[in-house]
Amino acid sequence: MIETLVASNVLLWLVVVVLCVVVLALVRQIGVLHERLGPVGALSLSQGPKVGDEVPRFDLTAIDGRYVKVGGDNEQGRSTLLFFLSPTCPVCKTLLPVLKSSRRTERSWLDVVLVSDGDLDEQKVFVAANDLSELTYIVSADLGISLRIGRLPYVVLLDEHGVIGAQGLVNSREHLESVFEAKERGVASIQQYLEQQGDKVA
Amino acid sequence: MFHDPATLLVLRFALALLFATACVHKLRQFGEFRDTVADYELVPPALVTPAALLVIAIELFVVAALLVSAWVPAGSIVAAAVLSVYAAAIGINLARGRDSIDCGCSGAALRQPISGWLVLRNLLLAGAAWWAGAAVAERALGPWDYALTLVALCALLSLYLATEQLLANAPRSRRLSSAYD
């Protein structure tokens, strides 16, 4: 009797360990699938102005005193990327290096403007801590409200006429690049792109 | 109440392993860990670095204490206290509505936002840490006990890693199912 119990216990432990490892392997695979299959595009939210809408003109002053015009025709024919962020948003912070490198690679046609709101002193500490002095950084609650920005970090790409070319919630480099891609292809968002692809297949 | 030494041995080693991996993550990516501490917004900005160092020191002490038989009672109490503090820190930020900050549970490689599940998990671990310090029944340990400890550790480790991965997957699964609505 006792021998049977010992044997069954040994066997059960073996099965338990193997099962645990199998479960771990399975959830790992799910994790990898998520990484590959997740919508690799900026998710645009339903509220607020749509792609193709014109943004009202704003005359603003950057944190370093520079004059910044948002909306309306751009005299140099350049596009503007509005990056909405907040010093209290951790994802925003992780995207700053990505934003800096995109600004360098796309500088032939694109101006990058960081838009935040809240306490001015806190913003200045944030700019100094993250070495953002070379970027245009404006603090304006009105701009965010007029574009109905609900979640951060959010980007809005304005073309040379102040019309929204692409927009969306960005969490990674791929998301940010998808916004440039969307503007280039004239697709409003990843959702629209997926729908069009779906139509083609159907 | 006295507990079987083999059970407590498993608990001790499992917790020591948990704290050791946590320490390694925090030391290897100290910058990220400091940012995580700052994101919790529980200590003033000037004290973030000392607080981060203190956390690492306490965790190292727990690892050492759990491995040395004579120190186990102290190690178990400190471990339970630290895990309860983590649970409280997550709970406070959830109550503040700051539910998108990184938990910092398993290093920067596996980011996972804080959630109620993590509070529960930490409280369960705190309970286990408390249990590890319970009075031991007198019994000589044989080779089978050590074999049992080893396989039980393997099982617990993979289950813990699986839970971590599931918690990290959860927000992505939610996003995936809502993105096409």
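Q: What makes strand E3 (residues 79-84) of chain A largely enclosed by the rest of the structure in this predicted model?
A: A residue is buried if 20 or more other C-beta atoms lie within 10 Å of its own. Six of the six residues of E3(A) are buried, so the strand is largely enclosed by the rest of the structure.

Q: Why are E3(A) and strand E4 (residues 110-116) of chain A said to pair?
A: Two strands pair if there are at least two bridges between them. E3(A) and E4(A) have six bridges, in the parallel sense, so they are counted as a pair. Within this pairing, A:Ser79 stands opposite A:Leu110. The two strands also make a right-handed β-α-β unit with helix H2 (residues 90-105) of chain A.

Q: In what sense does E3(A) pair with strand E6 (residues 154-158) of chain A?
A: The sense is antiparallel, over five bridges. A:Phe83 has A:Val155 in E6(A) as its bridge partner.

Q: How do you know that the span of helix H1 (residues 2-37) of chain A agrees with its number of residues?
A: At 1.5 Å a residue, the 36 residues should span 52 Å. The end C-alpha atoms of H1(A) are 52 Å apart, which agrees.

Q: Why is H1(A) said to lie largely in the open?
A: The number buried is two of its 36 residues, so H1(A) lies largely in the open.

Technical notes
Residues are numbered from 1 along each chain as its sequence is written. Chains are lettered from A and ligands numbered from 1 in the order in which they are written. This is a predicted model: local features need pLDDT of at least 70, side-chain atom pairs count only at pLDDT 80 or more; totals for chains, interfaces and linings use all residues. Helices (H or I, at least four residues) and strands (E, at least two) are DSSP runs, numbered from the N terminus. The expected span of a helix is 1.5 Å times one less than its number of residues. A residue is buried if 20 or more other C-beta atoms lie within 10 Å of its own, exposed if 12 or fewer, and partly exposed in between; C-beta atoms are placed from the backbone. A crossover is right-handed if, with the strands pointing away from the viewer, the path from the first strand over the helix to the second runs clockwise.
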